[in-house]
Structure formats: C-alpha cells, structure tokens
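Colleague: I would like to learn how to read pockets and metal sites in a model. Please take me through this one.

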Amino acid sequence: MNFSCLLITDQKTLKKEVTVVHKWITVLLIALGVCLVFAVGGVCTLAVLIEHATHSNVSDEEHNATDYKAQFQALHSTGCALCAVHFIHSGGKCYYFSTVKMNWTQSRDYCVTLGAHLVIINSKAEQDFVTSKVKVTHWIGLNDLDTEGHWVWVNNQPVNDSVEFWIKRENGNREPDNWTEGHPDGEDCAGLGHQGGETDFWSDASCFLEKRFVCEAAAAV
Ligand SMILES: [Ca+2]
Ligand SMILES: [Ca+2]
C-alpha cells in the first residue's frame with residue numbers, strides 16, 4: 001500500500017464517521033423535536049384545563065349573582081318589603097323581638113346596633129301586631145327620663161294622646177303611676193305589660209329592670 005492509497009482509505013473512514021455523526025445528530029434532533037411537541041402539548045392542555053376551571057368558577061359566580069338578582073327583583077315586583085334576618089315584617093316595618101333581657105338603656109342601645117330603634121307605636125294596628133307577638137313584658141321606646149310625666153318616644157316625639165295604650169284597671173288604678181317602692185327613682189321607662197302580665201297594654205317601670213324588648217326598623221322596599 002502506497003501513501004496515496006492510505007490517504008484514500010483515511011478519507012473514506014473519515015467520511016463514514018461524519019455520516020454516522022450526522023445520523024446521531026438527526027436522531028437527537030428528532031427526539032428533541034418529539035419532546036418539544038409533547039412539552040408544548042402538555043402546556044397547552046394545562047392552559048386549557050386552567051382556563052376551563054377559571055371559566056367554570058366565573059360562570060358559577062355569575063350564575064349565582066344572576067339568581068340572587070332575579071330573586072331580589074321578583075320580591076320587588078311583588079311589592080314585598082325586605083327585612084333583615086331575625087326581623088319580622090309588618091305594615092312596611094321590620095320588628096325584632098329579643099330573646100335576651102336587658103335594662104331599658106341597654107335595650108335602646110342594642111336596637112341601634114341592629115340598625116333599628118326601640119319600637120315606636122303609632123297606631124292601634126301596630127299596637128295589636130306587637131302585642132300579638134309577645135307573651136311576657138317587653139320594653140318599648142317610650143320614657144319620661146327627662147321630665148317626669150312627659151312621655152316621649154326614642155325619636156323625641158311626645159305620645160299622641162289619641163294613640164296611647166296605658167293600662168287602665170277597673171278599680172281606677174292606671175299606668176303610668178311612677179311607683180317608687182320598687183326603686184326610689186320611680187318608673188321612667190315603658191314596657192308592654194309588666195312582670196305580672198297584662199302584655200296587651202303599656203306600663204311604666206324602673207328603667208333598671210331587665211326585660212325583653214322590641215326593636216323596629218323601616219323595611220327596605
Ligand atoms: Ca316616670
Ligand atoms: Ca308603673
């Protein structure tokens with residue numbers, strides 16, 4: 001074998017090796033391409049799932065909001081008045097009948113925390129409704145704390161003499177009597193009835209007594 005023959009043989013070997021390397025690069029590129037396709041596919045699938053999940057949540061929320069809005073509009077269309085939870089609707093007003101007992105001042109303040117006030121009774125119908133709901137004495141929003149004998153509601157309006165429901169007994173005794181034997185300050189706060197009963201009518205009592213109470217608020221219409 002001469003020198004030129006050796007050169008040809010080396011070139012052939014080199015060419016063969018280059019071809020093999022090219023094949024491996026091609027295989028590697030194909031493999032990478034396949035991986036890339038799967039990776040992109042995976043990301044796309046994930047994106048679609050996330051988008052679907054997000055869209056579903058938004059749809060549910062929108063659906064619920066639409067439902068509530070429809071129900072609200074339905075209530076409005078029927079002219080129904082709306083009261084807060086635990087309030088009872090009557091005559092365009094909302095009433096809350098407490099289950100706990102407080103003194104008169106605490107009761108007044110508690111009603112305010114509910115966005116209401118101690119009940120102000122303006123009519124026989126309102127008196128009848130409120131008394132129909134109670135079986136024991138309850139505070140109402142009436143007092144003569146500032147001036148003895150001058151009874152005012154919690155909105156500072158005096159009692160309308162034609163719309164008052166003080167207890168009047170057959171023996172001539174009547175409320176308010178500012179009885180001082182229970183408390184030396186007398187009786188400056190009014191309730192439906194008293195500890196002894198008679199819940200259909202008003203009676204004055206010591207503001208320090210603890211009673212259930214009635215709150216009133218305007219209905220949302
Ligand atoms: Ca009094
Ligand atoms: Ca009394």
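Colleague: How many nonpolar, polar and charged residues are in the lining of the largest pocket?

Modeller: The model is predicted, so local features need pLDDT of at least 70 and side-chain atom pairs 80 or more, while totals for chains, interfaces and linings use all residues. Side-chain values use heavy atoms, without hydrogens and water; residues are numbered from 1 along each chain as written, and chains are lettered from A and ligands numbered from 1 in written order. Rolling a probe the size of a water molecule over the atoms shows where empty space is left. Here the lining has three nonpolar, seven polar and five charged residues.

Colleague: Which strand gives the largest share of that lining?

Modeller: Strand β7 (residues 197-205) does, with three residues; a strand is a DSSP run of E, at least two residues.

Colleague: Which protein atoms are the donors of the calcium ion (ligand 1)?

Modeller: Donors are N, O and S atoms within 2.8 Å of the metal (3.2 Å for Na, K and Ca), and sites may look incomplete because water is not among the atoms. For ligand 1 they come from D144, E148, N178, E187 and D188, at 2.2 to 2.8 Å. D144 lies in the loop between β4 and β5 and D188 in the loop between β5 and β6, so the pair ties together parts 44 residues apart in sequence.

Colleague: Is D144 buried or exposed?

Modeller: D144 is buried, at 2% relative accessibility; buried means under 20% relative accessible area, exposed over 50%, partly exposed in between (1.4 Å probe, protein chains only). D188 is buried as well, at 12%.

How values were computed
Helices (H or I, at least four residues) and strands (E, at least two) are DSSP runs, numbered from the N terminus. Ala, Val, Leu, Ile, Met, Phe, Trp, Tyr, Cys and Pro count as nonpolar, Asp, Glu, Lys and Arg as charged, and the others, Gly among them, as polar.
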